[in-house]
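Please work through each task before reading its solution.

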Amino acid sequence: MRITDTADLWWKNAVVYCLDVETYLDWDGDGIGDFAGLAQRIDHLADLGVTCLWLMPFYPTAERDDGYDITDFYGVDPRLGTHGDLVEVIRTAKDRGMRVIADLVVNHTSRRHPWFRSAESSKDSPFRDFYVWRSDPPPDTSDQVVFPDQEDSIWTLSEPTGEWYLHRFYKEQPDLDVTNPRVRDEVATIMGFWLQLGLDGFRVDAVPFFLETQGADDGAFPDPHQYLRALRQLVGRRTGDGVLLGEVNLPFEQQLEFFGGPDGDELTMQFDFIGMQALYLAMARTDAGPLVTALESRPALHPDSQWGTFVRNHDELTLDKLSDDERAEVFAAFGPEERMQVYGRGLRRRLPPMLDGDPRRVRMVYSLLFSLPGTPVLFYGEEIGMGEDLDAEGRLAVRTPMQWTSGRNGGFSPAPPSRLPGPVVSGGFAPEHVNVADQRNDPGSLLSFMKLLIRRYRESPELGWGAFRVLDQPHREVLAHLCAWDDGALVALHNLGPEPRTVPLTLEDCGPEHRLVDLLQPGSTTLSDDGSAQLQLEGYGYRWLRVVSQDSRRLV
């Protein structure tokens, strides 16, 4: 492998940044974030080091599910701007070296979508078979709903025709029938439309539900994965190097199937939900063991495929892959109050409040995120340590307006607070304490630290490309690992506990002609004749150490 290969498979060492245009920056003063505002902040993202911008849904919506209930797959929500405004954002981002992807939400439509309005009006509607119907009363499916506090069945009666339609999410989001070739063709057309406007791919929402054939004629659609392969090929033909980043919260073995198995010809990337949940369990226990187990359980992937690593995303911080007892441990540590939890399976909090605002722990976690094998995905506001609004409904707790300054509405909008998408965070994580403007001018801020992390990550392609190995050492609260690729190798140490530790390490095929050069602080360590060294870690400490030989020409 060569360093030039990283430009071909760019997603393997990218930095992905997710934002909701509605809550990012209001430029026209109406209280709602817009594309004009986002364009004004592209340079913030470029300065941070973002290489791929992920836009949450910006389509016209009935606003039942924060934009994920779409009424027009080809439109732009007029509150946010126009197609022209979107294209200007894409053009400006690409000028700054950023690719742009957007949410592809084709598992369902809004109940107000013209297709469904026609479909439920008559059994003879040309769009009737775009959805899944049943004429007999459904059985109890309360155990299958995604939002157990909102729905008690995945079937809802439609009065005009007296039949029930399928919906995995809210009843206002009827599921599309992917076994219908017309639906499949429409999805491909939707993708082609947005790719033509300049997108570099999609974050594909709820992929397993999208390919599900429950209640439909699955005999007409025997291999859903062949269709997923066809969509991957479509993106490749239209863009050359576009990606499909899939939401597949399943066990590793099933995730491998959605990658396309050994051929790697379906989803380009998938989020590592299992690793994320293991991270929180490890932090709750002050024991790196759960995270080590998760990382070593990852299946081998095709060289073109990649994991997306993250600390949290725009949804609830799901803990559904933990056992009941393990989930209780994480709840006790990071969300002991019922209002901090959601759906009985997750947390609706951001990381800094969960860690009581301790800057040592917050920085340790993000250092760990960027050093893990995979591609880091950030949610807007993480770069400055934003908090949550527990008074907001459900998952909206972490989708509060971005905090740019210490001024009115955190600099998000000059409009009256009542016109904003939701309240700005108050308390210890309010804009007067946490904002971009102040941190830009503070070399000791979290923002400055994140910039350094991203710079070092981008300079260390072994983290996205290399072989991963846990290094033996005696401390249960410490994770020591090595990523090696081509002529590069990086050792990362992270202490999940509050007590300082001396970590003994031995590196194979290394000796006194090698140094371990610190990448996050000045200094280096020489190895002994047998490749060993004693490395100091503070409580909640972290170190990135590049293995450098005497004849290395790599800049450090």
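Predicted model: local features only at pLDDT ≥ 70, side-chain atom pairs only at ≥ 80, totals over all residues.

**Exercise 1.** Locate R79 and E63 in the chain, and explain what their salt bridge ties together.

*Solution.* Step 1: The closest N and O atoms of R79 and E63 lie 2.9 Å apart. Step 2: Both R79 and E63 are found in the loop between β2 (52-55) and α3 (83-95), so their pairing ties together parts that are 16 residues apart in sequence. Step 3: R79 is partly exposed, with a relative accessible area of 30%. E63 is also partly exposed, with a relative accessible area of 36%.

**Exercise 2.** Describe the salt bridge between D272 and R298, including where each residue lies.

*Solution.* Step 1: The closest N and O atoms of D272 and R298 are 2.9 Å apart. Step 2: D272 sits in the loop between β9 (269-271) and α9 (273-285), whereas R298 sits in the loop between α10 (289-297) and β10 (306-310). The pair, 26 residues apart, therefore links distant parts of the chain. Step 3: D272 is buried, with a relative accessible area of 3%. R298 is buried as well, at 14%. Step 4: Elsewhere, shared partners join D65, D66, D315, E316, R345, R395 and R399 into one network of salt bridges. The count of salt bridges comes to 41.

**Exercise 3.** Give the order of the strands in the open sheet of six strands, and identify which strands stand at the edges.

*Solution.* Step 1: The order is β15-β16-β17-β22-β19-β20, and the pairing is antiparallel. Step 2: β15 (467-470) and β20 (524-526) each have a single partner strand, so one side of each is left without a neighbour in the sheet; these are the edges. Step 3: From one strand to the next, the twist averages 25 degrees. Step 4: β15 is joined to β16 (residues 478-485) by four bridges. V470 has H481 in β16 as its bridge partner.

**Exercise 4.** Characterise the surroundings of H481.

*Solution.* Step 1: H481 is buried, with a relative accessible area of 0%. Step 2: The H481 side chain reaches the backbone oxygen of S371 at 2.9 Å. Step 3: Beyond residues up to four places away in sequence, H481 touches several others, including L372, F468, L490 and A492.

**Exercise 5.** State which residues cover the faces of strand β7, and with which strands β7 pairs.

*Solution.* Step 1: In a regular strand the side chains alternate between the two faces of the sheet. Step 2: In β7 (residues 201-204), G201 and R203 are on one side and F202 and V204 on the other; all are buried, and both faces are covered. Step 3: β7 pairs in the parallel sense with β3 (residues 99-104) over three bridges, and D103 has R203 as its bridge partner. Step 4: β7 also pairs in the parallel sense with β8 (residues 243-246), over four bridges. The bridge partner of G201 in β8 is V243.

Key: Residues numbered from 1 in each chain as written. Heavy atoms only, no water. Salt bridge = Lys/Arg side-chain N within 4 Å of Asp/Glu carboxyl O. Helix = DSSP H or I, 4+ residues; strand = E, 2+ residues; numbered from the N terminus. Buried < 20%, exposed > 50% of the residue type's maximum accessible area, 1.4 Å probe, protein only. Pairing = 2+ DSSP bridges. Axes fitted to C-alpha atoms, helices over the stretch in contact; angles between N-to-C directions. Polar contact = N/O pair within 3.5 Å; in protein donor to acceptor, adjacent residues only side chain to side chain. Contact = heavy atoms within 4.5 Å.
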